[in-house]
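Morning, everyone. Please put the sequence and the structure up side by side, and we'll walk through a few spots.

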Amino acid sequence: MVYHLTARRLQGGLIHLPASKSITNRALIISALSGQKGGLENVGRCDDTEVMIAALRDRPPVVDIGAAGSAMRFLTAYFSIQEGEHVLTGTPRMCHRPIGVLVDALRRLGADISYVGREGFPPLRIRGKRIAGGAVEMAGDVSSQYISSLLMIAPTMAEGLTIHLLGDVVSRSYIDITLSMMQFYGASAEWAGVDTIVVKAFPYVPRHYFIENDWTAASYWYEAVALAKNKGAEIRLDGLTDGSTQGDTIVKYIFSLLGVRTSFKDKTKKVPTEVSLRGGGMVVSRLVFDFRHCPDLVQTVVCTCCGLGIPFEFSGLSTLRIKETDRIIALKAEMRKLGFVLYDDGEGRLVWDGERTTPTMEPIDTYEDHRMAMSFAPLALRMDGIRIVRPEVVSKSYPDFWEHLRQLSFVIDEA
């Protein structure tokens with residue numbers, strides 16, 4: 001399927017954002033470990049959460065998580081402490097995404113996990129059992145989901161768990177989300193230093209938990225407001241909190257540099273409320289930013305800067321190579337189709353110095369990556385006739401995305 005998008009102007013309106021996928025999947029694991037039945041409110045409904053719900057409910061011998069990276073990491077740890085044997089697998093791309101760092105750490109703690117195929121990659125054969133716990137070292141510059149996976153099962157360990165992180169710690173905000181949620185459910189889990197986390201052997205307590213909406217999903221509407229030529233348009237987003245633990249709340253600051261102003265209907269930090277986005281603010285002439293702690297915003301900001309003609313230098317992108325696709329390669333290839341020549345240094349840095357080439361306007365490939373589809377779509381406000389291949393990939397995290405674009409006056413036809 002190919003979608004053809006056009007948008008002469010942006011129409012204002014209220015967007016009902018999806019619940020946070022990252023918070024939902026953490027809540028599902030922690031709630032299950034607490035022994036609670038139900039008790040979660042505003043559970044996100046998308047491909048990644050549905051596979052997690054089904055796996056925890058049905059516990060089949062073979063668990064196919066599709067393309068859900070967080071489900072692969074979280075369930076690897078979860079099933080390692082559950083009775084029974086499970087094979088954990090996914091899409092071909094998932095089976096090329098490394099998981100050795102997590103498996104090695106779990107093995108050092110006593111888990112029984114073996115590789116069905118290639119060493120260091122799914123599928124995994126997991127024979128669950130009680131794990132005593134103790135201390136373990138992990139690289140901090142890989143996916144934070146490896147760390148969160150260990151943390152969430154740590155309260156069940158007789159000796160608790162101490163994790164020493166080596167090197168730079170990326171996506172620290174996602175680790176903080178995990179610790180905050182664990183603490184809400186009664187766990188003793190906290191940073192004991194800049195590179196050490198300690199979890200004591202205190203069991204989780206069942207609690208009612210409300211899952212807030214997704215700041216990462218909000219980023220696409222920030223992009224739309226930034227790219228709109230009619231600066232009077234106002235987009236309102238529901239279910240967000242100003243004091244959210246989600247690291248992607250930094251989108252407020254990033255887009256303030258790109259002309260978007262954010263205001264909250266209710267500034268009470270712990271209460272989800274409505275957020276208003278308006279354009280017309282000052283725009284920087286060049287953007288330099290380190291995305292180490294918010295990598296899921298990279299594609300959105302790259303597309304926005306190119307659409308506005310703002311050169312950039314972005315760093316802290318090393319984890320983008322092990323996402324749903326190699327997002328650095330994908331961005332360079334697809335932006336070139338639109339006439340933008342990007343460069344990377346192979347060390348997690350991506351640069352656009354303003355160099356242009358003749359655009360081919362070929363359809364944008366999505367690489368089975370939901371964020372490629374959603375970040376490129378708002379460029380229809382600046383470019384005539386954006387075409388996107390396999391638009392259905394948005395169901396991974398935001399099933400209503402295309403309908404919400406139509407709500408804001410985008411015309412979407414099936415090419």
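Let's start with Glu324. Glu324 counts as buried because its relative accessibility is 9%; buried means under 20% relative accessible area, exposed over 50%, and partly exposed in between, with a 1.4 Å probe and protein chains only. A word on the source: this is a predicted model, where local features need pLDDT of at least 70, side-chain atom pairs count only at pLDDT 80 or more, and totals for chains, interfaces and linings use all residues. Residues are numbered from 1 along each chain as its sequence is written, and side-chain values use heavy atoms, with hydrogens and water left out.

So where is Glu324? Find the loop between strand 17 (312–315) and helix 10 (327–337). Helices (H or I, at least four residues) and strands (E, at least two) are DSSP runs, numbered from the N terminus. What does Glu324 contact, leaving aside neighbours within four places in sequence? The list is Arg93, Arg97, Tyr367, Glu368, Asp369, His370 and Lys396. Contact means heavy atoms within 4.5 Å.

Take Tyr367 from that list. Glu324 and Tyr367 are 43 residues apart in sequence, and their C-alpha atoms are 7.7 Å apart in space. Tyr367 sits in the loop between strand 19 (350–352) and helix 11 (370–376). Tyr367 counts as partly exposed, because its relative accessibility is 30%.

Now the backbone. Most residues other than glycine have a negative phi, and most peptide bonds are trans. Tyr367 has a positive phi, near 55°. Ser409 has a positive phi too, near 85°. And a cis peptide bond joins Pro122 and Pro123, with omega about 5°. Look for Pro123 in the loop between strand 6 (112–115) and strand 7 (124–128).

Back to Ser409. Its loop runs between helix 12 (401–407) and strand 21 (411–414). Phe410 is in the loop between helix 12 and strand 21. Is Phe410 buried or exposed? Buried, because its relative accessibility is 3%. Ser409, at 24%, counts as partly exposed. Phe410 and Leu5 are 405 residues apart along the chain, yet their C-alpha atoms are separated by 6.8 Å. Not counting residues up to four places away in sequence, Phe410 touches Leu5, Leu10, Pro378 and Leu405, among others.

Next, the inside. In soluble globular proteins, nonpolar side chains tend to be buried together. A nonpolar core is a set of buried Ala, Val, Leu, Ile, Met, Phe, Trp, Tyr and Cys residues joined through side-chain atoms within 4.5 Å. The largest one here has 75 residues, and Trp221 and Trp402 have the most contacts inside it. Helix 7 (residues 215–227) gives the largest share of this core, ten residues. Apart from that core lies another, of 66 residues, including Leu75 and Met152.

Last stop: a helix pair. Helix 3 (residues 69–80) packs with helix 5 (residues 144–153) at an angle of about 35°, and their axes are 9 Å apart. Axes are lines fitted to C-alpha atoms, for helices over the stretch in contact, and angles run from 0 to 180 degrees between N-to-C directions. On the helix 3 side, the contact includes Arg73, Phe74 and Ala77. On the helix 5 side, it includes Tyr146, Ser149 and Met152. How covered is helix 3? Twelve of its twelve residues are buried.

That's the tour.
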